[in-house]
Amino acid sequence: MKGLLIHGVSHAYGDNKVLDKVAVVVPAGELVCLLGPSGCGKSTLLRLAAGLEVLQEGSIVIDDVTVASNTVHVEPENRHIGFMFQDYALFPHLNVLDNVIFGMVGSAADKARSRAMEMLDQVGMVDQASKHPHTLSGGQQQRVALARALAPEPKLLLLDEPFSGLDTNMRARIREETLGVLKEFGVATLMVTHDPEEAMFMADRIKILGSDGHILQAARPHEIYYHPKHEFVAKMFGLMNRFDSVVVNSQVETPLGSVAAPDMADGIKVQVLIRPEGIVLESHENASGTAVELLSTHLLGHDNIVRVRLASGSSSELYVRVHHAFEPELALGIKATIDSDYAFVFPLDVEEGGSSSLVKAAQ
Ligand SMILES: Nc1ncnc2c1ncn2[C@@H]1O[C@H](COP(=O)(O)OP(=O)(O)O)[C@@H](O)[C@H]1O
Ligand SMILES: [Mg+2]
């Protein structure tokens, strides 16, 4: 198979086991994103794939060639891999063109030069070829790093939190441009990040790595967001509203209505997690649902976060994401219902207490 195959990889630093039988497949032309909290072993996995770390258990195959196993260790320079790491800085003493040429060891000088210019053209940096890195913005430096990574025509590209050093606007633009270039080149890419939005934007498929080094779910972005298989996966995308309840006839009652729990036996204690966009507020005369009181509204830009509380006297707060401009004069007679696309039922940890609360993001 063309691309990357990581099979049964476990890794420990002394007693600290950071990866536990991790498997990842990245077919040629696909971008797979490994998403997980800081410290869960993402960079370790990339360093193992790159050959910068010696493999302890499992195997790594690139384009049908085993590059690491318990008997094989191919050196990084012979793995035909491109890197783009957040802190994988450009060489400060080389200009942009020479930075890109640097990776193409073994190519004839004139060929390397024309290839480098071609790559700089691809990333819109050909005008800056003679400049030194310190005179460029962070975004421009990342574009040069991308050109340098792709110039030797790698079989595999490894991206380690490549945009995290950039400010918000620059990040959105650079990641979009990077994605365009990667899709054009069709190179197998494994990217790691702790930023769920970045993973959703970039990835063909996402793998969620939990803090214990296990893969918790692997699926397309849509599936990860709408059908999280694990509580940890559901919570990766930020604040969740939570009600604790019990399964009765494959349904779970909450103060805002019932939610289906088709695969769960009666009597199981569960938590219902509802995304802020999964609570629907209406205030017209015929609105149905549970009466809530407005506590505050916060305009975030493209949408609003509205804090409400059940009018029935329960003190728990709910966070609601409202896409249209939210009119405070609608504050009287607000009814809330659940959009079941954004509500998920998970078994409740038996030791846990509490009945309803907000749950902070997992990271
Ligand atoms: N060279 C090393 N020696 C010892 N411990 C390390 C080393 N590199 C990473 N670790 C530890 O391994 C764990 C995973 O690190 P890392 O792979 O960098 O995680 P991530 O990239 O997901 O933040 C962390 O607890 C980190 O402290
Ligand atoms: Mg890291």
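At 11% relative accessibility, Glu161 counts as buried (under 20% relative accessible area; over 50% is exposed and in between is partly exposed, with a 1.4 Å probe and protein chains only). The model is predicted: local features need pLDDT of at least 70, side-chain atom pairs count only at pLDDT 80 or more, and totals for chains, interfaces and linings use all residues. Residues are numbered from 1 along each chain as its sequence is written, chains are lettered from A and ligands numbered from 1 in the order in which they are written, and side-chain values use heavy atoms, with hydrogens and water left out.

Stay on Glu161, in the loop between β7 (156-160) and α5 (168-185). Helices (H or I, at least four residues) and strands (E, at least two) are DSSP runs, numbered from the N terminus.

Next, select ligand 1 and the residues around it: Tyr13, Asn16, Val18, Pro37, Ser38, Gly39, Cys40, Gly41, Lys42, Ser43, Thr44 and Arg47 (each with a heavy atom within 4 Å).

- From a backbone N or O atom of Gly39 to an oxygen atom of ligand 1: 2.6 Å.
- From an N or O atom in the Thr44 side chain to an oxygen atom of ligand 1: 2.5 Å.
- From a polar side-chain atom of Arg47 to a nitrogen atom of ligand 1: 3.4 Å.

Ligand 1 taken alone exposes 560 Å², of which the protein buries 59% (Shrake-Rupley method, 1.4 Å probe). Colour by element: β2 (16-27) and α1 (42-50) are those that give two or more residues to the shell, and α1 gives the most, with four.

Move to the largest cavity, with a volume of about 40 Å³. Select its lining: Gly29, Glu30, Leu31, Leu182, Lys183, Gly186, Val187 and Thr189. A cavity is a set of points on a 1 Å grid over the protein atoms alone where a 1.4 Å probe fits but cannot get out; lining residues have an atom within 4 Å of a point.

Finish at Glu293, in strand β16 (residues 290-299). At 32% relative accessibility, Glu293 counts as partly exposed. Its C-alpha atom is 9.8 Å from that of Gly313, 20 residues apart along the chain.

Note on methods:
A polar contact is a pair of N or O atoms within 3.5 Å; within protein, one must be able to donate a hydrogen and the other to accept it, and residues adjacent in sequence count only if both atoms are side-chain atoms. On a 1 Å grid over the protein atoms alone, a cavity is a set of points where a 1.4 Å probe fits but cannot get out, and a pocket is an open set with protein on both sides within 12 Å along at least five of seven lines; lining residues have an atom within 4 Å of a point. Grid points are joined across faces, edges and corners, and a volume is the space filled by probe spheres set on the points.
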